[in-house]
Amino acid sequence: MTAKTLFEKIWESHLVKEILDQPSILYVDLHLVHEVTSPQAFDGLRMAGRTVRRPDLTIAVADHNTPTWDLKLPITDPIAAQQLNALSENCDEFGITLHDRFSPMQGIVHVIGPEQGHTQPGKIIVCGDSHTSTHGAFGAFAIGIGTSEVEHVLATQTLRQFKPKTMEIRVEGKVDYGVTAKDIVLAIIGKIGTAGATGYAVEYTGEAIKSLSMEGRMTVCNMSIEAGARAGMVAADEKTFEYMKGREYVPSGNDFVDAIEKWKELQTDIGATYDKTIILQGKDIEPHVTWGTNPGMVLPINGKIPNPSDYTDPGDKESVERALEYMDLNPGTPIEEIYINRVFIGSCTNSRIEDLRAAARISKGKKVNSNVYAMIVPGSNAIKRQAEEEGLDVIFTEAGFDWREAGCSMCLGMNPDILQPGERCASTSNRNFEGRQGKGGRTHLVSPEMAAAAAIEGHFVDVRTW
Amino acid sequence: MEPFNTFEGIVAPLNRVNVDTDQIIPKQFLKRIERTGFGNFLFYDWRFLEDGSENKDFILNKEGYKNASILVSGRNFGSGSSREHAPWALQDFGFKCIIAPSFADIFFNNCFQNGILPITLPEDIVNEIISNSEKDPDYKITVDLHDQRIWDHNEEVVADFQIESFRRNCLINGLDDIGLTLDDEVNITQFETNRSKHGGVL
């Protein structure tokens, strides 16, 4: 039998039809839907007189637009309210389960999928959202799609895809104390660039990856798209099964035991080859901070802002110049001397319970710097409840953090949580594009530990020695 | 979808690498529930100043380029968010074709879903087109998808490009993916019959 990669095993088991020189038709096990990228897809169905083929395999959640303030307060943005209403009406009309902003199960789409047990090894999972790659942490093939494809999946429960190439990103050995999953993935993007994995389905391997918790693996897979990858994945192991056990939509009892046997086969076979392999050493990875306007513009905490003249490629030189102007940074400035006035701990990258615990460990008994407004937005209502049971909210509020309701929040600022022009933010989210967190806002991507420490000091510090 | 015919159009040069979809259409405009009307918001933060007036320095605000139907830009165009509002905005503004040395996957795919042709060409040819169109706001290119070739009006730049035959056929004939897939519904039903209640590989 031919040796196969994890990706190939999932791909082949989902082929509805393979046609020469055409994209294959793949069956979709789970379709996650949110308010921003779905209204036009539902309209398309209505116009064509089509219906949702498998509402039972479709889950919707309101997350991108939802305010994170007190749920009793109304939504003040009428256009956001209209989009949220459209999602409710569409889910009613087509019989789709919806977690609206008042649901105890509500949260960021890529947080609630794993949390409720919908996300499972070997599944093909899609969502009209580029960070769908998050679910690959469970050994699933999970990809972000556009709205036309959302409509296609709603109508047919399949997706047409050209087969991507495969890439292994192996992180060998262990990482140092204080170095997190976020630092690993930022180091990877720093090494291969924001288009380094374009056209590939990435599998993360190696001791440093396997040593990560499920939350950490989700952080790594989440940012695969920031390197251009079609998907990111980690083969399932005991940690995966332990995380899944007992969750609502995971098979239970003997079904679970049988499932584990099948899921264990979802490993890349010895002798299977990837189209490309990238290797990093865990011991070389330090806490990372982005300084520019894409996630590839990133440096270790002890680094200094680069000079455009360091770059030979004219495109790179121009984009570094633009980035430094937008970020209002000068070449040669040490990262540790960058002062911030906002902190955002949240997003589908870093808003899970482990992220909040890490931020709480740093913040306990300390005070947020007087120049900084810092907010913490849990990834889901379930995480919020758990954090409150553990007393993390008390640690945060005593330190001066604002403790908010769940949602996407200031990762993309579609709700009222945005940066003002010129504000500088240490953010645990995934994108530092111009204007991403608010027009004129300046974003530095970091781990929850680094964000919490920056909140307290008012500038970036090395959490390993802080 | 409208069939994609051979056409000649004015080129607008956007000489930047890594143009992400957050720049193509900023998030504040994603709350609309329609597919149309996004052109006014295309490259909003670059096209408009704080007070809402036009940024005269931005290329699409300069005379001549406002009528462009071909956008030429640097590598990794369309990176970041999967928002299909990006191709909707480009199309609504009047662009039918985007030329770049490389594209991000999701954006590339979204273009085809909307009848926009993304053409990948070597960086030196892209740079030549950018340079020509920066010098001459009336610089025009003809795009022939059938023969997979572009040429400028004085035939100084002539380049061949490759598009997968399936996608090319869909664009030329304005075919709808969903309709095509539903032609194979029997295969989908067959797959579902064999699929366990837990799905995945179970």
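This is a predicted model: local features need pLDDT of at least 70, side-chain atom pairs count only at pLDDT 80 or more; totals for chains, interfaces and linings use all residues.
**A walk through chains A and B**

Let me begin with a helix in chain A, α5, which spans residues 147–156 and is mostly covered, since 10 of its 10 residues are buried; helices here are DSSP runs of H or I with at least four residues, strands are runs of E with at least two, and both are numbered from the N terminus. By buried I mean that 20 or more other C-beta atoms lie within 10 Å of a residue's own, while exposed stands for 12 or fewer and partly exposed for what falls in between, with the C-beta atoms placed from the backbone. The buried residues of α5(A) are A:T147, A:S148, A:E149, A:V150, A:E151, A:H152, A:V153, A:L154, A:A155 and A:T156, and α5(A) is followed by A:Q157, which has a positive phi near 60 degrees.

Residues are numbered from 1 along each chain as its sequence is written, and chains are lettered from A, with ligands numbered from 1, in the order in which they are written.

Staying with chain A, we come to an open sheet of four strands, in the order β11-β10-β9-β12, with parallel pairing; two strands are taken to pair if DSSP finds at least two bridges between them. Which strands stand at the edges of the sheet? They are β11 (231–233) and β12 (276–281), each of which has a single partner strand, so one side of each is left without a neighbour in the sheet. Neighbouring strands of this sheet are turned against each other by 20 degrees on average, direction ignored, where axes are lines fitted to C-alpha atoms, for helices over the stretch in contact, and angles run from 0 to 180 degrees between N-to-C directions.

Within the sheet, β9(A), residues 165–172, runs parallel to β12(A) and is joined to it by six bridges, and A:I169 stands opposite A:I278 in β12(A). Helix α6 of chain A, residues 181–192, packs on the sheet and touches β9 and β12, its direction making about 125 degrees with that of β12(A). Helix α1 of chain A, residues 6–13, lies across β9, β10 (200–205) and β11, running at about 130 degrees to β10(A).

That brings me to the nonpolar cores, a core being a set of buried Ala, Val, Leu, Ile, Met, Phe, Trp, Tyr and Cys residues joined through C-beta atoms within 7 Å. The largest has 149 residues, and A:F141 and A:I184 are among those with the most contacts inside it, while α6(A) gives the most to this core, with eight residues. Leaving out residues up to four places away in sequence, A:F141 touches several residues, including A:F7, A:I10, A:W11 and A:M233. A second, separate core of 50 residues includes B:A12, B:W88, B:A89 and B:F103.

Now to chain B, which has eight helices and seven strands, and whose C-alpha atoms fill a box of roughly 60 × 45 × 25 Å along the principal axes. Buried residues make up 45% of its 202 residues.

Strand β1 of chain B, residues 7–14, runs antiparallel to β5(B) and is joined to it by four bridges, B:F7 having B:V143 as its bridge partner. β5(B) also pairs with β6(B), residues 149–152, in the antiparallel sense over four bridges, and B:I141 stands opposite B:D152.

The hairpin of β5(B) and β6(B) has four residues between the strands, and there B:Q148 takes a positive phi near 55 degrees, although B:Q148 is not a glycine. Is B:Q148 buried or partly exposed? B:Q148 counts as partly exposed because it has 14 C-beta neighbours inside 10 Å.

Finally, the two chains meet in a contact that takes 47 residues from chain B and 62 residues from chain A, two residues being in contact if their C-beta atoms, placed from the backbone, lie within 7 Å. On the side of chain B that touches chain A, the largest share, five residues, comes from α4(B).
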